[in-house]
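Hello,

Here is the structure I promised to pass on to you. Please open it beside this message, so that you can follow each point as you read.

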Amino acid sequence: MGIFQRFEKGVEGAVSGVFARAFKGDVQPVEIAARLQRELDAEAKLMSRDKKLVPNDFTVELSQHDHDKLAPYAATLTRELGDELRSHASDRGYVFSGPIHIDLALDTRLPTGRFTVSSEAVAGVSGPASPSPYAAEPTPARPAQDRAAQERPAQDRPAERPRTRTNELVLEVNGMRHPLQPPGLVIGRGTEADLRINDPGISRRHAEIRVGQSADGSIDIVDLGSTNGITVDGQKVRHAVLREGSRIEVGTTRMLVHDPSAR
């Protein structure tokens, strides 16, 4: 029995055959499964000789008609789709950076029978943190903190807040806020890291954010000899001073330094 036959049998059995009958002539679950597998193949990024990193967060956009039909079976369908993706990844030597998440979304511009798929790699994060109230929306850089503002002559910049407010800054990662308090924290994939990120592109001890205890309250980040390095505000660096609005990339994970009380 082929992979798609097994998939159809699993889905149909889970909903007593109603699913298969309901969607005859519309978007078929097997079509979505095939498209998701192609998404893995197209987005796979080489990590080592025998491993490739692939997306784990997917959005399937459907027409109004197809979305209305699929919505009642979303839990069953996404579970079966996730199982198929794990099987496909195992066969191809693919590695996910975190748990698989599949969202069935509505796009009223699509005609019946058509759908689109978008994806990204989202790392799982663990460590002392609090949920961000801004997790469901992107966190844009405020005009006074973007790169152009930082590069303006000092006399043209807005007056900086007292440096003693530095300890109010947090590191936001995938919607979770991690307070930046002395002496700082180690970012990595290993158990010894203070902030563990399940991202195959991150080393076991990847980087350290150091928070000064002096009056100036300086914060900087240092590469701990990682394989893939760190990027701060679009520049590959071994060391960089951090400030409110600094954007950090390690592996496929993006982080933001900001002051939640200022929003």
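Below I go through a sheet with the helices on it, and then through some salt bridges.

Please keep in mind that this is a predicted model.

To begin with the sheet, three strands form it in the order β5-β3-β6, and it is an open sheet in which the pairing is mixed. Strands β5 (101-106) and β6 (115-120) stand at the edges with a single partner strand each, so one side of each has no neighbour in the sheet. Neighbouring strands here are turned against each other by 20° on average, if direction is ignored. If you look at strand β3, which covers residues 57-62, you will find that it runs antiparallel to β6 and that six bridges join the two. Within this part of the sheet, valine 60 stands opposite valine 117, which belongs to β6.

Turning to the charged side chains, the count of salt bridges comes to eight, and I describe some of them here.

One of them is formed by the side chains of arginine 92 and aspartate 41, with 3.3 Å from N to O. This pair links distant parts of the chain, since arginine 92 lies in helix α5 and aspartate 41 in helix α3, 51 residues apart. Arginine 92 counts as partly exposed, at 46% relative accessibility, and aspartate 41 is partly exposed too, at 32%.

Another salt bridge brings together the side chains of glutamate 43 and lysine 45, with 3.9 Å from N to O. Glutamate 43 is partly exposed at 32% relative accessibility, and lysine 45 is likewise partly exposed, at 49%.

What about aspartate 223 and arginine 238, and how far apart are their closest N and O atoms? These two residues form a salt bridge in which that distance is 3.3 Å. The pair links distant parts of the chain, with aspartate 223 in strand β14 (residues 219-223) and arginine 238 in the loop between β16 (235-237) and β17 (239-242), 15 residues apart. Aspartate 223 counts as buried because its relative accessibility is 8%, whereas arginine 238, at 51%, counts as exposed.

Best wishes

Conventions:
Residues numbered from 1 in each chain as written. Predicted model: local features only at pLDDT ≥ 70, side-chain atom pairs only at ≥ 80, totals over all residues. Heavy atoms only, no water. Pairing = 2+ DSSP bridges. Helix = DSSP H or I, 4+ residues; strand = E, 2+ residues; numbered from the N terminus. Axes fitted to C-alpha atoms, helices over the stretch in contact; angles between N-to-C directions. Salt bridge = Lys/Arg side-chain N within 4 Å of Asp/Glu carboxyl O. Buried < 20%, exposed > 50% of the residue type's maximum accessible area, 1.4 Å probe, protein only.
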